[in-house]
Amino acid sequence: MSEQRRQVRRRFIFGGILSAVAGLLGKRAGAADVKALPDKLTRHMSQGEVPSQPLDTMLLFERGDENNGHAITHEVLSLVHQERGKNSYPWTMYASLETHHEVGEACVVCSRLHKHGPGWSSGLHAEVFNHARAVALGVNVEMSSDFKGAEETHVMGLNIQAVGGERAMQYGIHMHDKDNHFQTGIGLMGSGKVGIDLAGTFGVGIYAHKNSIRVSEGTCIELDDAGNVKVRYRAGRIEFLNGEKCVGHLDMNGEDHEI
């Protein structure tokens, strides 16, 4: 077969594939379903019976299954990306939103999970397999704020709310060991006014169980809202302070005696 004929054949096959994909992307839902869908649903691919949702979207993929066979995953959309370059910034998925709205809610990525069975489920799931030096993060959040107005504003790196339902949930943040462990559970290495603010109402603010609570020598434990009444250990003494004035102390080098 000549090279010219091979090129013609390749173009024919490739054109057929493109036509088939375009036909699938252009296929709309059945006549009974179209009436319930917004006008802007110009691209719709569906497999199985899926409850319709009021989505004003440009591209819609739907999949409804009843899988009871081999224990394998079933995806609607899969992206596989491998970068072998040494000087590169590979981003498998990028989403950008610029909004000026004043009424409503803005969200770059929304994940919604309805759990009806007892199986393990997650709204968002990240797996990180570290095989090299330097930094590996499961989730990275970078924040900035340049609002110059006088109005109150709240900029939060992570916001977790307990909404809906009739039964209390167990943890807002939960970390535990599996086949490995974290040397430090939570690390706060920045600077600010308060490291951890327990502004809610709890039966116990911090329950350390069998774990020690430790502060460095010279650091005070404050016993009132103003921070005037304090206890600290320094230079072999446990000191009781009112403001900067030491009002009493215990000599930790002395003989054992009743206080």
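## Overall fold

Along the sequence, the protein chain runs in the order α-α-β-β-β-β-β-β, with two helices and six strands. Helices (H or I, at least four residues) and strands (E, at least two) are DSSP runs numbered from the N terminus. The model is predicted, and local features need pLDDT of at least 70, side-chain atom pairs count only at pLDDT 80 or more, and totals for chains, interfaces and linings use all residues. Residues are numbered from 1 along each chain as its sequence is written, and side-chain values use heavy atoms, with hydrogens and water left out.

Of the 259 residues in the protein chain, 6% are buried. Buried means under 20% relative accessible area, exposed means over 50%, and partly exposed lies in between (1.4 Å probe, protein chains only).

## Loop between strand 2 and strand 3

H125, A134 and M175 are placed in the loop between strand 2 and strand 3. Strand 2 covers 60-63 and strand 3 covers 221-222. H125 is exposed at 51% relative accessible area, and its C-alpha lies 9.9 Å from that of V139, 14 residues away in sequence. A134 has a phi near 70°, a positive value in a residue other than glycine, and is exposed at 64% relative accessibility.

## Loop between strand 4 and strand 5

A235 sits between strand 4 (229-234) and strand 5 (237-242). Its phi is positive, about 55°, although A235 is not a glycine. Most residues other than glycine have a negative phi. A235 is exposed, with a relative accessible area of 64%.

## Nonpolar surface patch

A nonpolar patch on the surface includes L158, I160, F182, L198 and I213, and its members together have about 1400 Å² of accessible area. M175 is one of the patch residues and is partly exposed at 43%.

Patch residues have over 30% relative accessible area and no salt bridge; like charges are joined within 9 Å, and nonpolar side chains (Val, Leu, Ile, Met, Phe, Trp, Tyr) within 5 Å. A salt bridge is a side-chain nitrogen of Lys or Arg within 4 Å of a carboxyl oxygen of Asp or Glu. Areas come from the Shrake-Rupley method with a 1.4 Å probe, and for residues only the protein chains shown count as cover.

## Second largest pocket

The second largest pocket has a volume of about 2200 Å³. Its lining has 38 residues, with V109, C110, S111, R112 and L124 nearest the centre. The lining divides into 21 nonpolar, 13 polar and four charged residues.

A pocket is an open set of points on a 1 Å grid over the protein atoms alone, where a 1.4 Å probe fits, with protein on both sides within 12 Å along at least five of seven lines; lining residues have an atom within 4 Å of a point. Points are joined across faces, edges and corners, and the volume is the space filled by probe spheres set on them. Ala, Val, Leu, Ile, Met, Phe, Trp, Tyr, Cys and Pro count as nonpolar, Asp, Glu, Lys and Arg as charged, and the others, Gly among them, as polar.
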